[in-house]
Every structure is written in C-alpha cells, then in structure tokens.
Amino acid sequence: MCVLAIDTSNLVLSVAVVDDSRVLGEWTSNLNKNHSVTLMDGISVLLDELNVDPEALTGIVVAKGPGSYTGVRIGVATAKSMAWSLGIPVIGISSLEAVGMNALPFTGGIVPLFDARRGQVYTGLYRSKDCRTLEVQLNERIVLLTDWLDLLLSETGDEPLLFLGEDLHKHRDIIIETLGDKAIFATPALNHPRAAHLAWKGLQQLQAGNGIHAHDLVPEYLQLAEAEAKWIAKQEK
C-alpha cells in the first residue's frame, strides 16, 4: 500500500507518504501561514520529490480533530476531495492521538493537550502498547484544565504523566502547581504532530479493511464552533 497522511488541525502542518514498511517522505512546517494556501503545494512537492503519482496512492489518512476549526476543516476537506477523486478509502485519526504517538516509548500516562480557550483544553489520557500504538485510558474531551488535573490525580496516583502539545507554555505553571514532580514535559520537538505517525496508524486500519468512503468522513471538534453555538442558542429563545 501507499498512503498519504495530512495534519492541518493546529499551527503545525505536516504531510507524509508511507508504504507497508517505510516512511518514504515527510514534510512538516511550523510557520504561521494559512494552511489552505500551503497544504496542496506541500503535498505536490512531496509527491514529486518521491516520484509518487497520486494515482499510485491507495489511501488517505487525515487528522480529524480536535483542534483549530479552520485547520481541521482544511485537512478533512482536502482528504475527502482527494480520496473521492482518486476513488480510494480515507481514514480519520484523532489529532490528540497523533501528538501522543510521539511518546510511544514512554511507560507512564501520556497526556496530549491543546488549548481550547477560556481555561479549557482538548485532551485525553493514553498509554503506550508495545511501543507501537496507543490505548485510551480516559476518553478525549474538552474540559476545564483545573478539573482535568484533579481527575488525573484521582485516576493515576503517583504515576508520572508526560504532557505534550504546542500550547503547553500557556498551561505549564498550573500543571506544575497541581501535579508537581508527577508532571513531565516533552522536549519541543515532541510537541509537534508528525504525519508519519498518522500514516502508520491509518495504514494499519486500511490493511484491516476499515477504510471508509470519502463522503462518510466527518471532523471531530468535540464542541460546536462559537458562531454555531450562538446561532443555536438564539433559535432556542
């Protein structure tokens, strides 16, 4: 199989191509640019450098959220369009899980985290299984950070927790204040999602026959966009 993976769900943009046993190529950018402008160019350049024709792709994998509403939409829309035009299946993978996979060698709890504003975060608790995949211990959610840290304390005891994510600098102080030495922070390079991890996870699902039609792929925001929430509230009055 030959799989293209796309992650535009947050500030970092990452694309990768893998086959059954290798990462053929990966391109990641952490520049503050509009993903809608740079994504297709990034895909085109990567495929050209690898001498891979789009028709040779057998599946598309995309980070389906949570994260930036605009970023998630761009990635999912691009994946759906490419999968539909090429007639190949698509797989959506959690954006939190994609970041968490950077910590596969870690033996404690793995806590990817994205800022969701107003003191809230998108997050979940994972554990590594055989350094190959992640298992969910506490489901992904949008939650007040203070409530989340209290829950982690009650669920994990003295076990160390590794926090990952580009937004950690916004919440580091309160995490340390609540968890103390129990909290471990990843190096900056591990805070970036890697499309190669997405591709590997998606490849396994495609090989198992779990790919879906492009029309069936939906983003996972974990909450309504602010404009949508206001519109619904207005209609209910």
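Which elements make a right-handed β-α-β unit? In this predicted model, the unit consists of β4, helix α2 (residues 69-86) and β5. Strand β4 covers residues 59-63 and runs parallel to β5. Four bridges join the two strands. In one of these pairings, Val-61 has Ile-91 of β5 as its bridge partner.

Strand β5 spans residues 90-93. In a regular strand, side chains alternate between the two faces of the sheet. Val-90 and Gly-92 point one way from β5. Ile-91 and Ile-93 point the other way. All four of these residues are buried.

A five-stranded open sheet has the order β8-β7-β6-β9-β10. Its pairing is mixed. Strands β8 (133-144) and β10 (183-185) stand at the edges. Each has a single partner strand, so one side of each is left without a neighbour in the sheet. On average, neighbouring strands of this sheet are turned by 25° against each other, direction ignored.

Within this sheet, β6 (residues 109-117) and β7 (residues 120-129) run antiparallel. Five bridges join them. Ile-110 has Tyr-126 of β7 as its bridge partner. Helix α5 (residues 168-179) packs on the sheet. The helix touches β6, β7, β9 (161-164) and β10. The direction of α5 makes about 155° with that of β10.

How values were computed:
Residues numbered from 1 in each chain as written. Predicted model: local features only at pLDDT ≥ 70, side-chain atom pairs only at ≥ 80, totals over all residues. Heavy atoms only, no water. Buried < 20%, exposed > 50% of the residue type's maximum accessible area, 1.4 Å probe, protein only. Pairing = 2+ DSSP bridges. Right-handed = clockwise from strand over helix to strand, strands pointing away. Axes fitted to C-alpha atoms, helices over the stretch in contact; angles between N-to-C directions. Contact = heavy atoms within 4.5 Å.
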